[in-house]
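Thank you for sending this one over for comment.

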Protein chains: 2
Amino acid sequence: MAVTIKDVAKAANVTPSTVSRVIADSPRISIKTKQKVRQVMKDLGYQPNLNARNLAKRCTQTIGLIMPNSTDKVFQNPFFPEVIRGISNMAHTTEYAIQFSTGETEEQIYDGVVRMVQSGRVDGVILLYSRINDKVMAFLEDKEVPYTMIGKPYQNMDKTTHVDNDNIGAAKEVTKYLLNLGHKRIGFVGGNLSLMVTKDRRQGYEEALEEAGIAISHDYIVHEDSLIEGGQEVVAKLISLEETPTALVVVDDLMALDMINTLEKHGIRVPDDISIVSFNNLLLSQLAHPPLTTVDINIHDLGFQAAKTLIEMIKNSNEPAKRLIIPHKMIERNSCKKI
Amino acid sequence: MAVTIKDVAKAANVTPSTVSRVIADSPRISIKTKQKVRQVMKDLGYQPNLNARNLAKRCTQTIGLIMPNSTDKVFQNPFFPEVIRGISNMAHTTEYAIQFSTGETEEQIYDGVVRMVQSGRVDGVILLYSRINDKVMAFLEDKEVPYTMIGKPYQNMDKTTHVDNDNIGAAKEVTKYLLNLGHKRIGFVGGNLSLMVTKDRRQGYEEALEEAGIAISHDYIVHEDSLIEGGQEVVAKLISLEETPTALVVVDDLMALDMINTLEKHGIRVPDDISIVSFNNLLLSQLAHPPLTTVDINIHDLGFQAAKTLIEMIKNSNEPAKRLIIPHKMIERNSCKKI
DNA sequence: TTGTACGCGTTATCAG
DNA sequence: CTGATAACGCGTACAA
């Protein structure tokens, strides 16, 4: 049986409420009493029971993390450990705990979130993805649960707090970079179109082409739904064209790896035969071969800021909705070549 | 204000205790009452408050996950999302919640674990790594917190429940595979030596050589502490040898990628000039170039079983210590060649 | 400055 | 089969 506030009180010859006030560092307790009680707490190795405290304070000091469904392999993307590292950092310094959504399918995850929220396990929630028509988001909205989103909400932009990159701008930048390298036939390889990040990056790509006076060809725009098997189709489609692209904007490093690998099988070499830029600057983009020219989107900060704003929202319920844009930076390596 | 058990009781014309019994599906409640109460619960959208329940039952229905410190990049290893997926699955079906350790440095993580455990946030804990002389493990041992470990404990093997692969056997297997391919000069590239997994795989490698009557040369055994910068040194060391190895056993896919990349810079090609086998069968080992011959260690199951046994331990405090070995399987791809 | 008394939402024990 | 009543460990008005 763990030591409780009563044990401390008894040992210090005060009442539990006094001990409670010492814990809260109430200004109305004499220094002397505080010192005595603190000493006793130390001696007894007292740790407040958070369940009890939470029950009394009607809050949990816990934030929930909601992952996308992990049925597709996208889950293995090292993007997630990185965001979590950022969140974890902020949580640690603010003494918040982190709780994870459980389950695999979309349905399970939804159930998990409902359980987590309804049963009062968390004070707020971070959505680690942004998808069109997301049930989870609708639920949180409905229940008025404080939440922040990593990525751009597909609606209610001004009403939902989120932290994102300027994905349109970034995609525009890299496309221009390719244009400056002399490429004219530039393709775009995206992921699932229901993901906001895909939409934004595609938009940036299109804008850059338009500004350069290059017509957008839908033959050059492909979407790879499932990593692994998807790459085959995409590449097949691309190389069957009469005029194959000389460069590709790919929305994710992992996908870029897949592309490189599949292209290679067809005897097409990167960057000699085709240039590739991608996004995220995952660790493995340096380990790739060739090392990838990619956009560093500061994943850690994405998580850190998301946690920070969420905690602010929890503490101050009428905090206004915010939009935070984390800066990005293109990292030039060896996957692109002048034409 | 959420709807509580009292609201339900009032609306159903019974007492809170009856409602509580209906929730627990007590056999001593009439079917009729049960039906009525359940209907009311549904109508009101009642969800039990877990904090209160936990307080009363003195348990939390939550398991804690403890990550290694994330200061080094090892954290970006997709190994973790995968184990977590396994844990998450088991947790979901058993209605357990998952809580994460917070913090970045070893010290912070230790503090986090102490906080998590002492303040009663979790019923038990899964250690996602296995390291020599780990403070956290000592703490859990001391406080008699139920825990399972993924990997092999460096001591008290028979006393601590853990789930692991037969890493010695697996390493032996792949080394033999290389021997059969005709290789005689086989090197070993490991990670930090304080990690049990490194030790075991190295042992398997050595045993295979011994059995083949090949002397173990310490020139051929190198350890890459930090991914990224480490590869350079390791490769430099290896190629400076008079007789360079013709094959390499590398303990992790990510490291293998790094090796391939660095070797390439020196004009050494895989598998033409040197063969490589590695471990884990991460998604990206298929995306690598060349696709990696690697050992699938069933990461998902590692997590799933760890969660399962932990929950058994929590429910039954005198459950004996167990050792679970998850089967592995070598996946042959294109990073090795006959000599 | 400190103590008293009650409440937070449940479960458990003991009656009936 | 169901209803009181007392915990669980802590926070907080209110009183002193």
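This is a predicted model: local features need pLDDT of at least 70, side-chain atom pairs count only at pLDDT 80 or more; totals for chains, interfaces and linings use all residues.

1. Two residues are counted as in contact if their C-beta atoms, placed from the backbone, lie within 7 Å.

2. On the overall form of chain A, the C-alpha trace spans about 90 × 35 × 35 Å along its principal axes. A compact globule of 339 residues would have a radius of gyration near 20 Å, whereas the value for chain A is 25 Å. The chain contains 13 helices and twelve strands, and 53% of its 339 residues count as buried.

3. Turning to how the two protein copies are related, chain A is superposed on chain B by a rotation of 180° with 0.1 Å of shift along the axis, at an RMSD of 0.2 Å. This is the relation of a two-fold axis, and in chain A the C-alpha nearest to that axis belongs to A:Gln99, at 2.1 Å from it. Because 100% of the interface residues of chain A are also interface residues in chain B, the copies meet through the same surface.

4. Which residue of S2(B) is the bridge partner of A:Gln99? The partner is B:Gln99, and the strands concerned, S2 (residues 97-100) of chain A and S2(B), run antiparallel and are joined by three bridges.

5. Within chain B, strand S2(B) also pairs with strand S1 (residues 62-66), here in the parallel sense and over four bridges; in this pairing B:Ile63 stands opposite B:Ile98. In a regular strand the side chains alternate between the two faces of the sheet. Both faces of S2 of chain B are covered, with B:Ala97 and B:Gln99 buried on one side and B:Ile98 and B:Phe100 buried on the other.

6. Sorted by class, the surface near DNA strand C has eleven nonpolar, nine polar and three charged residues.

Technical notes
Residues are numbered from 1 along each chain as its sequence is written. Chains are lettered from A and ligands numbered from 1 in the order in which they are written. A residue is buried if 20 or more other C-beta atoms lie within 10 Å of its own, exposed if 12 or fewer, and partly exposed in between; C-beta atoms are placed from the backbone. Helices (H or I, at least four residues) and strands (E, at least two) are DSSP runs, numbered from the N terminus. Two strands pair if DSSP finds at least two bridges between them. Ala, Val, Leu, Ile, Met, Phe, Trp, Tyr, Cys and Pro count as nonpolar, Asp, Glu, Lys and Arg as charged, and the others, Gly among them, as polar. Copies are superposed by least squares on the C-alpha atoms of residues with pLDDT of at least 70 in both. The radius of gyration is taken over C-alpha atoms; the globule rule is 2.2 Å times the number of residues to the power 0.38.
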